[in-house]
Amino acid sequence: MSIMAPAADKKLTGLVAATFTPITSQGEINLSVIGPYIDYLKEKQGVNNVFVNGTTGESMSLSVEERKLLAEEWCRKAKGKMDQVIVHVGCLSLKDTQELAHHAAQIEADGIAVIAPSFFKPSSADVLRTFLQEVASTAPTLPFYYYHVPSVTGVNVNVRELIEGIEKVIPSFRGVKFSGSDLMDLGQCISYIPPHWSVLYGIDEQLLGALVMGVHGAVGSTYNYVGCHVNKLISAFETGDLVQARTIQFKIQELVSFAIKLGFDVGVNKQLMNELSGLDLGPPRLPVMTCPAARALAIKQKYDSIFPE
Ligand SMILES: CC(=O)N[C@H](C=O)[C@@H](O)[C@H](O)[C@H](O)CO
Ligand SMILES: CC(=O)C(=O)O
């Protein structure tokens, strides 16, 4: 009889939805939507992993207390339904980040991810590695992922350099959520890492390029509503049907480029998700602006024309 690996040691693969944070019209976090949100992702999108309190989840606009309540509810409701819940715990303050990492371990998250602090920025890969090490040591049993998103943080360290020998200082290190466009750095990470780590790509509109380079999965905001199509893209890629994989990728590019022309920020993205899913995730929190209804509807119409029922 084989011994089942504990959930925390499962390699992270496939699609991961970077979730929106449900907020009431009064501006408070709305935990009641999380259960139905998980059912929607699983049943309607075929997405079995979530990345919570990240960029899409507006984590930097939430208090530490709110992030704990959200992470706890995601873990509780996902139990038995999702394969993995990865909690993003990065903050500008090392102390807050450690507190959230420790909390994620207590609530039995499947892993944690940490973004580079971006007000005072780490001056080198070595400094960033030390920051990550200080966080990981407060939750040493949890699989740990570095979240590379230079377009948001302004911290553009070379990830291959960052992860050189990182398992010696972070034994729980399990991979990278790579939301950069440097495919050479991406490839060098993939060719360097051991087989039980994962590199997940985070620029949804160019996932196919990253699949060719060898990524093990993808984390993104659009998988909340195009997950079912991107699952087909991945299957087509895996069976060698590049024509079909490209056809789907081009459709997603058409949708995203249409949205970008209308100002595609988290507010617009969230309202689009409200329209497409029928869930009530509410508005974003300032400084992200509430999206005018007409704008999200125009993008929804585009979606309907690209992906007819
Ligand atoms: C900067 C940002 O939020 N990137 C997301 C994840 O990393 C992506 O999922 C994008 O939202 C998506 O690729 C659309 O541009
Ligand atoms: C896209 C992503 O991973 C995030 O929202 O954090």
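**Conventions.** I note that the model is predicted, that local features need pLDDT of at least 70 and side-chain atom pairs pLDDT 80 or more, and that totals for chains, interfaces and linings use all residues. Residues are numbered from 1 along each chain as its sequence is written, chains are lettered from A and ligands numbered from 1 in the order written, and side-chain values use heavy atoms, without hydrogens and water.

**His148.** I located His148 in strand 5, residues 144–148; strands (E, at least two residues) and helices (H or I, at least four) are DSSP runs numbered from the N terminus. His148 has a relative accessible area of 2% and is therefore buried (under 20%; exposed is over 50%, partly exposed in between, with a 1.4 Å probe and protein chains only). Beyond four places in sequence, I listed its contacts (heavy atoms within 4.5 Å), among them Val155, Val176, Lys177 and Phe178.

**Annotated positions.** I took the feature "binding site" at Thr56 and Val219 from an unreviewed UniProt entry; its positions follow the numbering used here, feature names are shortened, and annotations may be inferred rather than shown by experiment. The two positions are spread over 164 residues of sequence, yet they cluster in space, with a largest C-alpha distance of 10.7 Å.

I placed Thr56 in the loop between strand 2 (49–52) and helix 2 (64–78). Thr56 is buried because its relative accessibility is 9%. Outside four places in sequence, Thr56 is in contact with Ala18, Thr19, Phe20, Thr21, Ser221 and Val266.

I found Val219 in strand 8, residues 217–220. Its relative accessibility is 2%, so Val219 also counts as buried. With neighbours within four places left aside, its contacts include Val16, Ala18, Lys177 and Asp204.

**Ligand 1.** Which polar side-chain atom lies 2.7 Å from an oxygen atom of ligand 1? I traced this atom to Ser221. Ser179 has a polar side-chain atom 2.9 Å from a ligand oxygen, and for an N or O atom in the side chain of Lys177 I noted 3.0 Å. The protein covers 82% of the 390 Å² of accessible area that ligand 1 has on its own (Shrake-Rupley method, 1.4 Å probe).

Terms used: A polar contact is a pair of N or O atoms within 3.5 Å; within protein, one must be able to donate a hydrogen and the other to accept it, and residues adjacent in sequence count only if both atoms are side-chain atoms.
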